Amino acid sequence: MAGSTSDLEPELSSKAANGRDRILLIELSSSVTNLGRFMVMPRFGMLAIASILAEKTRYRVKLLFEPYVGPITPESVASENPRYVMLNGLTTASRENEIFVDRFRELTRGTVPVITGGEHASMFPEKARRYSDFIFVHEGDEGVLALLEALEQRDPLTRDSLLSRVAGLHYRGKDGAWKFNDGSERIQEIDFRYDLSVVEGAEHASKRFRTACMPVQTSRGCIYCCSFCSWLTLYGKSGYYVRAIDDVIHDIVHTIEYTGIRDFIVTDNLFAGDPAYAEELAFRLMREFEGRETKPRLTVLMRADQFAGGPGSLSDRRIRMLSKAGIENVSLGLESTSSRSLLQMNKKIDLARYYLASERLRKHGIGMLGTFVAGFDGDTYEDVVNLSEFGHRFGLFTIQVYARTIMPGSTDDLLSAHRNIPDRLDRYYNGHGVCVLPGSMLPSDLQRGIFEAEFRFHRMGDGSRKLALRAFQSIWAGMRPHYEALQRIEREILVPEGIYRERVSGVYTLQNKALDSLYMDEERYRQFRSRCATIFREAEPAIVRTPVPVPQADAASLA
C-alpha cells in the first residue's frame, strides 16, 4: 500500500526532534443541537483514519473529540505544534470548522496543512475548500497514506507528481488553482482495526458518560438505490463490501476492554445485506462472549423486507442467532406510510411487509425504532403528523422523522435538484431542517409537522420516551431561526410569486410550472437565491457555542 511505514520513516526522523511528527484529528461539535449530540459517540470515519495512521505510519497520532476532552481551541491545537491537522467534514459543523481554521492559520502562519474528509467534504467539496488545504472525497483509507507520502517529499516536482495520483483528492496545483483527481475506486478489502489509545479521553469513557456508545462497521455500501439516499455520493461508486469478521470482533472487544462501552451503533448502510456473512458474524460473537458477564449491545440499520420473507430475507434461525449475538435493536428504514411516496423513493416495499417484519422482530425479542423521510409528493401535513400514531401501533420505542433532503449525486438530485431551497445555512442541514419545496404543503408546515410527530409519539406510552421528548424539544428550540426564515420566504417570495397556491381547503400546493419557469430564468433565479440567502442570514441570532448536552439515560433509547 502506498505510504507504508518505510516510506515515511526517513523524513519523520528529522521532524521528531522539534515535535513536528504529530497528526491531530479533530472533531468539533456543531453549535446547533441535533439528535446525534445526545449520544456521546465519535465519528466512525475519524476513528478508522486515526487507527490506520497509528498502525501504518510513524506519526504520533491523537484524536480529539470535544465531548471527551472539552472545548477544542485553535490556541490549544497550535500549542501542540502538529505536523498535520485533520478535520471531519460534517455539514452542520462546517461553520465551526471554518472559524477554527481561520484562527489556527493565523497562529501557525499557514504552515500546517489542514486535511478534511467525510460527508460534507464528499458532498460539498467546493464549500469545504473554505477551511481546507486538501480534501478527500469518498473513502480515504488508502488515499490518506498516499497523500502523506506526497507531502513529505522535499522536491516540488516529485511532490506534485505524487499528489496528482491520489484518487479522490482536491488540492491546489502549482498555479494555486484547485484541482480534483477523479477515478477513485471502491475499497473492497477494508483493512484496519481500532486503536482507541490514540483517542484522548476514551479510556474508561463509560464511567464518565452514561450515554456513551461507539460506532462499529461491518460493511460499506448498499444493494439498493433509494432515490433520496446519499451512499453513492459518499462512496463514489456502487458496491457492497464486508469487513473481515476478525477485525469487527477486535473492535468490539477492544472497545469494551479499553473504554467500558458496551453499546454499539453499527454504521452500515445496510446491515446483513450479505445474510451468510451476518450469520457467521453472529456465530463468532456468541462464541467470543460465551461465559462473559460483559457483552455487547448492538443497534443496526436494516430494511423491513429483510424480516418479511421472500428472496434475500433472513430466516427465523438467523434472526434468532442475531438476537443471541447481541443485536438488541433494529433501526428500520420505514421512510413513509404513503404508497405514493414509497413509489417515488424507489423503496419497493408496502405496509403489509412492514407489519410482517414487526411481528417477526417481536417474536425474537428485538427492539425496533423507525426512521422516516417526510416531504415527498405523497406526503400531506396530516400524513407526517400521523407517523406518531403509526409508530405507536407498530411497536416502535422511538421514531426519527427526517426532512427529505436532495443530496448531490442521488437520484433525487438528477430529477429534482430545482426543489432545493437555495443558500440555506449549513448549520441547519442536520436531517431535521427542511431545505426542500414539498409538493403538498408549505416548507414551514413540513418543518412544524416533523416535530409535531416527534412530540406526539414521545408523549405516548410510559416514561421511557421522555428523554427522547426532551431531546426533540431542545432540537426544535434550536431550529426556530430556520423555521422563521422559511415562513418569511413563503410570505415574501413563494406565495406572492405563485410558486405555492392556496386551495379552497386552505392547503398550499407547489405549482411546478411556476417553479420550473423560475428555475430556467437565470436572472430571476439568481435574485431568488440572493433573497433567500439574505433572509436566512437575517434570521440568525449571534452564534454562541454551548456545552455538548449529556443526558443521563441509556444510549439505546436515543439510537
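Student: Is strand 14 buried or exposed?
Tutor: Mostly covered: 7 of the 8 residues in strand 14 (residues 367-374) are buried. Buried means under 20% relative accessible area, exposed over 50%, partly exposed in between (1.4 Å probe, protein chains only). Strands (E, at least two residues) and helices (H or I, at least four) are DSSP runs, numbered from the N terminus.

Student: What kind of model is this?
Tutor: It is predicted: local features need pLDDT of at least 70, side-chain atom pairs count only at pLDDT 80 or more, and totals for chains, interfaces and linings use all residues. Residues are numbered from 1 along each chain as its sequence is written, and side-chain values use heavy atoms, with hydrogens and water left out.

Student: In which sense does strand 14 pair with strand 13?
Tutor: Parallel, over 6 bridges; strand 13 is residues 327-335. Pairing needs at least two DSSP bridges between the strands. Strand 14 also pairs in the parallel sense with strand 15 (residues 398-403), over 6 bridges.

Student: What stands opposite Phe372?
Tutor: Glu335 does. In strand 15, Val401 is the bridge partner of Phe372.

Student: Switching to helices. At what angle do helix 2 and helix 8 cross?
Tutor: Roughly 55°, and the axes of helix 2 (residues 44-56) and helix 8 (residues 143-151) come within 10 Å. Axes are lines fitted to C-alpha atoms over the stretch in contact, with angles from 0 to 180 degrees between N-to-C directions.

Student: Which residues make the contact?
Tutor: Ile49, Ile52, Leu53 and Lys56 of helix 2, with Val144, Leu145 and Leu148 of helix 8. Contact means heavy atoms within 4.5 Å.
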